Amino acid sequence: MNFALPTILHDWNGFAALARLHSQTEHCFLDNVEIDMKATDWFDADMCAPFGAILYRLGAELNSVHLVDIDPSVEKILSQNGFLSYYGREQIPDYWKTTVTYQRFDVEDDKYFSKYIENEFIRRYEIPKMSSRLMKKFHESIFEIFSNAVLHSHTKLGIFSCGQFFPKNNCLDFTVADLGVGVRKRVCDYLGNNLSPAEAISWAAAKNNTTKQGPIPGGLGLSLLCDFIDLNGGCIQIVSDAGYWRRKNKRTYASSLHQPFPGTVVNVEINTADPSSYILSSELADNEIF
Amino acid sequence: MNKDISISVFEVVGSPLCVASGDGQKVHDRLAAALRQGRGVSLSFRNVTTLTSAFLNAAIGQLYGGFDENRIRELLNVADMESDDKVLLRRVVDTAKWYFRDPNRFEEALRSGMEDEDGDS
């Protein structure tokens, strides 16, 4: 099986291309899967998370995956963030310190994930210069995304993360992908109706909506993320099943992909030059909390 | 007269990153045990740098499924918490109150709490 991978940006086209890769290879078993990257003249490094998820799934089906004809500039960035180490290349030093390592986690690995975030963001003073409040809110957002994957995905194959700093644009992108049941199935099972994948994401992102049941409440993580992104002037994109959902400039856009992604991807892009204070409302007295 | 007790979130979790639902559950179990005894609790967030809604839902939001809102307000207070974290906690509390307005969820939480107590004995 051969697949020609086009340029991969973290946008609708990039997600659609990766969903197409999944669609064309999902029935491969004990096969030789060759990903031809001749035409991949750019690869937004944080997209290694959904790309790696699809390739990991192929490996779990006992396929041999080979990435061939990689453009040298793409090979360099995917070697710097450790992605190509999973496919036989050596990791090379990142002298510009703009990459955030590609990593796979199991759902029980929350402690490892915390350590990873510490190593990749908290202890790396070279990236990027952000106000301490923004840095704190960014960390919290990343953990909210990871927690969502842990609590809701029911994945057995893991959670994949990767990031990239774009200093010229004052942007930091971070993407988390899982190979779980997807938003649509959870929402439709919960509501007992038949929403489209994009409608299901919109429902899940609305304040207080949750598919959670049982003694621990939910229904806040995604709306907190959206509030933060609105204040920061960044962007959040969610892909699940064949649904694509984006929030930017306080406006939401939802559409369909032609093929489904086998799980859920959340990408956040934050504006690192934002000086906002991130106090979401006026100060609260202690006796006003409960 | 019973003295109020103090619980350090950092001590329970063992990290400044209070992000996982499982760690929140550990805090919840201590809080619930104290509230069941009618003891006032001061929950200290000293040295905690990062909080998520998942952690706070498990640690505190969950209490609203097992205890009356007024009882929680009477017995529980937080200390050493940054102002933006207080705002987050308030949102978690509001969401929990809304969540448990669904009688099915409330019944389920009560059942689950009773099962926990049975398991303890």
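Q: Why does the radius of gyration of chain A agree with that of a compact globule?
A: The radius of gyration is taken over C-alpha atoms, and the globule rule is 2.2 Å times the number of residues to the power 0.38. For 290 residues a compact globule would have a value near 19 Å; chain A has 19 Å, so the two agree. Along its principal axes the C-alpha trace of chain A spans about 60 × 50 × 35 Å.

This is a predicted model, in which local features need pLDDT of at least 70 and side-chain atom pairs pLDDT 80 or more, while totals for chains, interfaces and linings use all residues. Residues are numbered from 1 along each chain as its sequence is written, chains are lettered from A and ligands numbered from 1 in the order written, and side-chain values use heavy atoms, without hydrogens and water.

Q: Why is Ser240(A) called buried?
A: Buried means under 20% relative accessible area, exposed over 50%, partly exposed in between (1.4 Å probe, protein chains only). Ser240(A) has 1%, so it is buried. Of the 290 residues of chain A, 58% count as buried.

Q: What makes the approach of Val183(A) to Ser240(A) a polar contact?
A: A polar contact is a pair of N or O atoms within 3.5 Å; within protein, one must be able to donate a hydrogen and the other to accept it, and residues adjacent in sequence count only if both atoms are side-chain atoms. The backbone nitrogen of Val183(A) lies 2.8 Å from a polar atom of the Ser240(A) side chain. The backbone oxygen of Gly263(A) lies 3.3 Å from a polar atom of that side chain.

Q: Which residues does Ser240(A) touch, not counting those up to four places away in sequence?
A: Contact means heavy atoms within 4.5 Å. Among the residues that Ser240(A) touches are Pro197(A), Ile201(A) and Thr264(A).

Q: How do you know that strand 1 and strand 3 of chain B pair?
A: Strands (E, at least two residues) and helices (H or I, at least four) are DSSP runs, numbered from the N terminus. Two strands pair if DSSP finds at least two bridges between them. Four bridges join strand 1 to strand 3 (residues 41-44) of chain B, and the two run parallel. Ile5(B) has Val41(B) as its bridge partner in strand 3.

Q: What makes strand 1 and strand 5 of chain B edge strands?
A: Three strands of chain B form an open sheet in the order 1-3-5, with parallel pairing. Strand 1 (5-8) and strand 5 (76-79) each pair on one side only.
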